[in-house]
Amino acid sequence: INTEYMGNLTLSMALKGPQKRDGQLVAVIGDEDTVTGFLLAGVGENNAKRGPNYLLVTPKTKRSEIESTFLALTQRDDIAVILINQHIANDIRHVLDSYFQPVPAVLEVASKDHPYDPEQDTVFQRVLMFCSEREAVEL
């Protein structure tokens with residue numbers, strides 16, 4: 001193995017920033033700590049035509065803005081995954097419960113002040129139900 005080449009390749013990749021596969025992005029709807037962390041990791045993009053791929057939710061953010069941002073992100077063909085803080089997802093649970101598309105995938109994540117609760121995660125509950133039905137068929 002040519003370690004000099006591998007080192008240069010790694011450095012080159014690091015300098016280019018996060019790699020996007022086929023132009024697919026990760027979107028984030030979250031509190032300040034979550035959004036800031038993902039933006040620092042290079043996830044953020046503010047496209048002049050489509051707008052940002054993130055929403056920073058504060059106590060002043062209206063539920064309607066969260067809902068409209070979520071729905072807009074689900075319609076974008078450049079978004080592969082939408083990460084949303086679970087406590088914010090709970091505010092728009094009725095919208096999440098009616099979303100069944102595989103892409104973009106919606107993942108609920110914990111935040112610094114709100115731990116993850118699998119009982120509240122709609123997608124996780126669907127997976128559990130699917131696994132239970134599958135096991136029942138195999139029996």
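This is a predicted model: local features need pLDDT of at least 70, side-chain atom pairs count only at pLDDT 80 or more; totals for chains, interfaces and linings use all residues.
Colleague: How many salt bridges does the structure hold?
Modeller: Side chains of opposite charge can pair when their charged atoms come close. One of the pairs here joins Lys112 and Asp33. For the structure as a whole, the number of salt bridges is 5.

Colleague: How many residues apart in sequence are the parts that Lys112 and Asp33 tie together?
Modeller: The side chains of Lys112 and Asp33 meet in a salt bridge, at 3.3 Å from N to O. Lys112 lies in the loop between E6 and H6 while Asp33 belongs to helix H2 (residues 32-40), so the pair ties together parts whose separation in sequence is 79 residues.

Colleague: Is Asp78 buried or exposed?
Modeller: Asp78 takes part in a salt bridge with Arg50, where the closest N and O atoms are 3.0 Å apart. That pair links distant parts of the chain, with Asp78 in the loop between helix H3 (63-75) and strand E5 (79-85). The cut-off for buried is under 20% relative accessible area. Asp78 has a relative accessible area of 10%, so the word for Asp78 is buried.

Colleague: Which residues are linked with Asp78 in a network of salt bridges?
Modeller: Arg50 is a salt-bridge partner of Asp78, and Arg50 counts as partly exposed at 39% relative accessibility. The side chain of Arg76 also meets Asp78 in a salt bridge, at 2.8 Å from N to O, and Arg76 is buried. Linked with Asp78 in the network are Arg50, Arg76 and Asp77.

Colleague: Which residues are the closest to the centre of the largest pocket?
Modeller: The largest pocket has a volume of about 180 Å³. Its lining has 13 residues, and the closest to the centre are Tyr99, Gln101, Val106, Val123 and Arg126.

Colleague: How many nonpolar residues does the lining of the largest pocket have?
Modeller: Helix H5 (93-97), strand E6 (105-109) and H6 each supply at least two residues of that lining. Sorted by class, the lining has 3 charged and 2 polar residues, and the nonpolar ones number 8.

Colleague: What accessible area do Tyr116, Phe124 and Leu128 have together?
Modeller: Phe124 sits in helix H6 (residues 122-138) and counts as partly exposed, because its relative accessibility is 33%. With Tyr116 and Leu128, Phe124 forms a nonpolar patch on the surface, and their accessible area together is about 250 Å².

Note on methods:
Residues are numbered from 1 along each chain as its sequence is written. Side-chain values use heavy atoms; hydrogens and water are left out. Patches are made of residues with over 30% relative accessible area and no salt bridge: like charges are joined within 9 Å, nonpolar side chains (Val, Leu, Ile, Met, Phe, Trp, Tyr) within 5 Å. Accessible areas come from the Shrake-Rupley method with a 1.4 Å probe; for residues, only the protein chains shown count as cover. A salt bridge is a side-chain nitrogen of Lys or Arg within 4 Å of a carboxyl oxygen of Asp or Glu. Helices (H or I, at least four residues) and strands (E, at least two) are DSSP runs, numbered from the N terminus. Buried means under 20% relative accessible area, exposed over 50%, partly exposed in between (1.4 Å probe, protein chains only). On a 1 Å grid over the protein atoms alone, a cavity is a set of points where a 1.4 Å probe fits but cannot get out, and a pocket is an open set with protein on both sides within 12 Å along at least five of seven lines; lining residues have an atom within 4 Å of a point. Grid points are joined across faces, edges and corners, and a volume is the space filled by probe spheres set on the points. Ala, Val, Leu, Ile, Met, Phe, Trp, Tyr, Cys and Pro count as nonpolar, Asp, Glu, Lys and Arg as charged, and the others, Gly among them, as polar.
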